[in-house]
Amino acid sequence: MLKHSLTVFGILLAGSASAHSTLEQKLATAGSTSKLVMRVPHGCDGEASHTVRITLPEGFYAAKPMPKPGWDLEVVTGAYKTPYNNHGTEMTEGVREIIWSNGNLPDAFYDEFVFRGAVGPNVDAGSVLFFPTVQECANGVADWTDTSGSHDVPNPAPKLTVVAAEGDMHHGHGAHDAHADASMAGPIEVTGGFSRATLPNAPVGGGFMTITNTGTEDDTLIAAASPVSSITEIHEMKMDGDVMKMRELENGLTIPAGESVELKPGGFHIMFMDLNTPLEEGKTVNVTLTFEKAGDVDIPLAIGAINADGGHGHHGGGHSHSH
Ligand SMILES: [Cu+2]
């Protein structure tokens with residue numbers, strides 16, 4: 001899982017086109033150290049920023065910022081609410097805020113501020129860690145400090161979703177229904193999962209299922225991982241004129257509150273890239289879906305024939321999954 005999460009890191013970066021300050025990374029693994037990059041896309045409203053302050057969340061430990069040429073660097077330390085066991089040594093305090101100052105980021109330019117730190121091993125998969133960030137300018141500030149998680153605020157705080165460490169997939173989340181063909185995490189229910197057999201040496205395969213959100217808030221499928229592929233992506237297939245085209249959903253797939261979204265051949269699908277084993281009819285392939293709010297759901301996909309449609313009627317047509 002660790003390897004796959006880190007790979008997923010790499011392919012989700014390209015997402016946000018917004019002018020907010022955001023973290024380049026969207027996911028971090030519980031119990032692991034991550035390097036994080038805060039992307040600051042401009043100054044404040046026409047003015048240059050001279051200072052950038054990042055407040056670190058509870059559950060993020062042993063932080064160290066990277067010095068930046070042209071900027072002074074200081075940290076504010078304080079107590080951790082929950083102490084952190086660092087290789088046998090209990091750490092009760094550490095860096096809580098990082099401040100780069102006396103620098104210059106003109107409004108027309110973009111810059112990056114780098115730091116590293118560890119997500120505590122006890123932080124639940126699916127938790128969202130917020131890194132409120134403030135830019136200071138000569139006559140004002142640009143603040144990215146709203147930690148409500150809403151997409152509809154002008155100043156969302158940069159955030160990271162925690163994924164489970166390897167071998168700890170069920171920690172607190174993703175309980176399986178004992179009898180039905182459903183996997184659940186919170187209000188998210190996944191049913192009817194299937195995959196399709198692949199030819200030997202085929203580079204890619206697809207995963208299909210129905211995701212139902214029984215809750216009152218929208219959730220987003222933000223990542224997928226599987227032992228069969230080094231990279232697993234969330235894709236959409238769509239007609240572009242006469243041509244069936246496939247693209248990665250870089251910002252994930254929204255599952256609206258109270259609705260079901262079907263992943264099926266010819267539409268949304270999970271894509272197993274760079275398969276390390278052919279998918280054989282009659283076997284199963286396991287996939288872990290990570291939702292922004294509900295966390296991880298593990299689901300086994302029964303592998304059907306090469307043109308299987310999961311018993312839902314429509315035939316997916318002859319598109320091949322090559323990139
Ligand atoms: Cu695809």
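How many C-beta neighbours does Asp 298 have inside 10 Å, and does Asp 298 count as buried, partly exposed or exposed? The answer is given in point 6, after the setting has been described.

1. Basis of the note. This is a predicted model, in which local features need pLDDT of at least 70 and side-chain atom pairs count only at pLDDT 80 or more, while totals for chains, interfaces and linings use all residues. Residues are numbered from 1 along each chain as its sequence is written.

2. Confidence. The pLDDT, which is the predictor's confidence in each residue on a scale from 0 to 100, averages 83 over the protein chain, and 85% of the residues score at least 70. Confidence is highest in strand 4, at 97, and lowest in helix 1 (residues 2-12), where the mean is 34. Over residues 1-18 the pLDDT stays under 50, and the model has 32 contacts beyond four places in sequence for this stretch; residues 312-323 also have a pLDDT below 50, with 14 contacts in the model beyond near neighbours in sequence. A contact here means that the C-beta atoms of two residues, placed from the backbone, lie within 7 Å.

3. Overall make-up. The protein chain holds one helix and 23 strands, where helices (H or I, at least four residues) and strands (E, at least two) are DSSP runs numbered from the N terminus. Of its 323 residues, 38% count as buried, a term that requires 20 or more other C-beta atoms within 10 Å of the residue's own, whereas 12 or fewer make a residue exposed and values in between make it partly exposed, with C-beta atoms placed from the backbone. Among contacts between residues at least 6 apart in sequence, 72% join residues at least 24 apart.

4. Five strands form an open sheet in the order 6-7-4-10-11, with antiparallel pairing; two strands pair if DSSP finds at least two bridges between them. Strand 6 (72-86) and strand 11 (141-144) stand at the edges with a single partner strand each, so one side of each is left without a neighbour in the sheet. Neighbouring strands of this sheet are turned by 15° against each other on average, direction ignored, the axes being lines fitted to C-alpha atoms, for helices over the stretch in contact, and angles running from 0 to 180 degrees between N-to-C directions. Strand 4 (residues 49-55) is joined to strand 10 (residues 133-137) by five bridges, and to strand 7 (residues 89-101) by four bridges. Ile 54 stands opposite Thr 133 in strand 10 and has Ile 98 as its bridge partner in strand 7, while Ser 49 stands opposite Cys 137 in strand 10. Another open sheet, of three strands, has the order 2-12-9 and mixed pairing. Its edges are strand 2 (27-29) and strand 9 (128-130), each with a single partner strand, so one side of each is left without a neighbour in the sheet. Here the twist averages 35° from one strand to the next. Strand 9 runs antiparallel to strand 12 (residues 159-163), with three bridges between them, and Leu 129 stands opposite Leu 160 in strand 12.

5. The nonpolar core. A nonpolar core is a set of buried Ala, Val, Leu, Ile, Met, Phe, Trp, Tyr and Cys residues joined through C-beta atoms within 7 Å. The largest has 63 residues, and those with the most contacts inside it are Val 162, Ile 188, Leu 221, Leu 289, Phe 291 and Val 297. Strand 16 (residues 219-225) gives the most to this core, with five residues. The core draws at least three residues from each of domain 1 (18-163) and domain 2 (182-304), with domain bounds that come from an automatic or database domain assignment. Leaving aside residues up to four places away in sequence, Ile 188 touches Ile 211, Asn 213, Asp 219, Ile 255, Phe 291, Ala 294 and Val 297.

6. Asp 298. To return to the opening question, Asp 298 counts as partly exposed because it has 19 C-beta neighbours inside 10 Å. Asp 298 lies in strand 23 (residues 295-304), and its C-alpha atom is separated by 7.0 Å from that of Asn 286, twelve residues apart along the chain.

7. Positive phi values. Most residues other than glycine have a negative phi. Ala 62, found in strand 5 (residues 60-65), has a positive phi near 50°, and Ala 62 counts as partly exposed, with 15 C-beta neighbours inside 10 Å. Asp 274, in strand 21 (residues 269-275), has a positive phi of about 60°; Asp 274 is exposed, with 12 other C-beta atoms within 10 Å.
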